[in-house]
Each structure stands twice: as C-alpha cells, then as structure tokens.
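Dear colleague,

Here is the structure I said I would pass on, with its sequence.

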Amino acid sequence: MRKKRKERKESYKTLKTKAWRIFSEFIRRRGSIDGNNSCVTCGVTKKWQELQCGHFIDGRHNAVLFNPLICWPQCLRCNVFLKGNKIKYTLFMQNKFGQNKVEEMLSESHRIVKLGKSDLKDIINRCTDDLNKMVPEAD
C-alpha cells in the first residue's frame with residue numbers, strides 16, 4: 001500500500017515569483033488594444049509581451065513592488081537603458097494623478113511593508129481575476 005504524499009506547500013519565494021509574473025502581465029495588458037499597449041514614457045506601441053512593468057518609484061521593496069498605481073507599461077529602452085526615463089515618467093504621473101497624489105505616493109514608498117504568503121496569494125488571485133475579465137486578444 002502506498003503512502004499518501006503530503007501536499008507540498010509553496011515557498012514564500014515561489015509565491016512571490018508567481019505573484020510578480022501575474023502582476024507584471026496585468027500591468028502590461030491593462031489598457032491594451034488588440035494585444036498592443038504603449039510605453040507611458042516615450043509612447044512607442046508594442047505587443048504587451050514586448051513591454052515591461054516599469055515602476056515610477058525605484059526599488060524592489062514591498063511598499064512599491066505590487067502597487068498598480070505606480071506600475072505602468074514601459075519599453076525596454078525606457079525602463080532599462082534610460083533607467084526608467086524618470087523625468088517623463090514623473091510628468092506622466094503628475095498628469096494622470098496630480099502633484100498631491102504623486103507626493104503622497106513618494107512618501108508612502110518609504111513605509112516598511114511585510115508581505116506574508118496570504119498577501120501574495122491575494123495578489124495572485126486578484127490579478128488572475130482582473131486578467132480573466134480583460135477582453136481576449138484578437139488572433
């Protein structure tokens with residue numbers, strides 16, 4: 001008789017990687033038309049798969065990592081080679097949200113946020129639901 005295997009729990013690292021992958025896809029597909037989206041800093045239009053999830057506020061810490069208000073699609077050139085193209089990104093954010101909200105976002109980015117496994121699962125579920133509600137891409 002075989003022993004039943006215990007269901008393996010996902011590690012924190014695995015959950016965070018999965019959450020990032022799904023969150024990034026949500027950001028890059030949000031607002032896309034026929035599978036295309038635009039870089040918020042230079043305006044180039046590309047397939048969402050060719051864009052990156054760019055952060056208005058630098059850092060890979062939890063206060064900014066999964067915040068959909070500060071993450072928007074960026075092309076590789078702006079996000080990596082121009083290090084976020086911060087001047088144009090700031091102008092985009094000020095036009096979208098106003099100066100007061102941008103200042104609030106900047107001050108919030110200094111908070112210490114500890115994400116537990118349940119928080120990461122919530123991010124995964126929320127982004128998966130949001131992705132499922134999006135219009136399917138045209139073939």
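Asn-85 counts as buried in this predicted model, because its relative accessible area is 14% and the cut-off for burial is under 20%. The residue sits in the loop that runs between helix H3 (76-81) and helix H4 (86-97). If its neighbours within four places in sequence are left aside, the residues in contact with Asn-85 are Thr-41, Gln-74 and Cys-78.

The second residue that I looked at is Leu-131, which lies in helix H6. Leu-131 is also classed as buried, since its relative accessibility is 12% and burial is assigned under 20%. Once neighbours within four places in sequence are set aside, Leu-131 is found in contact with Ile-22, Glu-25, Phe-26 and Arg-29. Its C-alpha atom is separated by 23 Å from that of Tyr-12, a residue 119 places away along the chain.

The axes of helix H1 (residues 12-29) and helix H6 (residues 117-133) come within 9 Å of each other and cross at roughly 30 degrees. H1 is therefore roughly parallel to H6, as angles under 35 degrees are counted that way, and the crossing in which H1 passes H6 is left-handed. On the side of H1, the contact is made by Tyr-12, Leu-15, Lys-16, Lys-18, Ala-19, Ile-22, Phe-23, Glu-25, Phe-26 and Arg-29; on the side of H6, it is made by Lys-117, Leu-120, Lys-121, Ile-123, Ile-124, Cys-127, Thr-128, Asp-130 and Leu-131. Sorted by class, the residues of this contact comprise 11 nonpolar, one polar and seven charged.

As for the protein as a whole, it has six helices and four strands, and these follow one another along the sequence in the pattern α-β-β-β-α-β-α-α-α-α. Its C-alpha atoms fill a box of roughly 65 × 45 × 25 Å when this is taken along the principal axes. Of the 139 residues in the protein, 34% are buried, while the accessible surface comes to about 9500 Å², with 51% of that area belonging to carbon and sulfur atoms. Finally, when contacts between residues at least 6 apart in sequence are considered, 65% of them join residues that are at least 24 apart.

Conventions
Residues are numbered from 1 along each chain as its sequence is written. This is a predicted model: local features need pLDDT of at least 70, side-chain atom pairs count only at pLDDT 80 or more; totals for chains, interfaces and linings use all residues. Side-chain values use heavy atoms; hydrogens and water are left out. Axes are lines fitted to C-alpha atoms, for helices over the stretch in contact, and angles run from 0 to 180 degrees between N-to-C directions. Helices (H or I, at least four residues) and strands (E, at least two) are DSSP runs, numbered from the N terminus. Angles under 35 degrees count as roughly parallel, over 145 as roughly antiparallel, 65 to 115 as roughly perpendicular and the rest as oblique. A crossing is left-handed if the near helix is turned anticlockwise from the far one by less than a right angle, and right-handed if clockwise. Contact means heavy atoms within 4.5 Å. Ala, Val, Leu, Ile, Met, Phe, Trp, Tyr, Cys and Pro count as nonpolar, Asp, Glu, Lys and Arg as charged, and the others, Gly among them, as polar. Buried means under 20% relative accessible area, exposed over 50%, partly exposed in between (1.4 Å probe, protein chains only). Accessible areas come from the Shrake-Rupley method with a 1.4 Å probe; for residues, only the protein chains shown count as cover.
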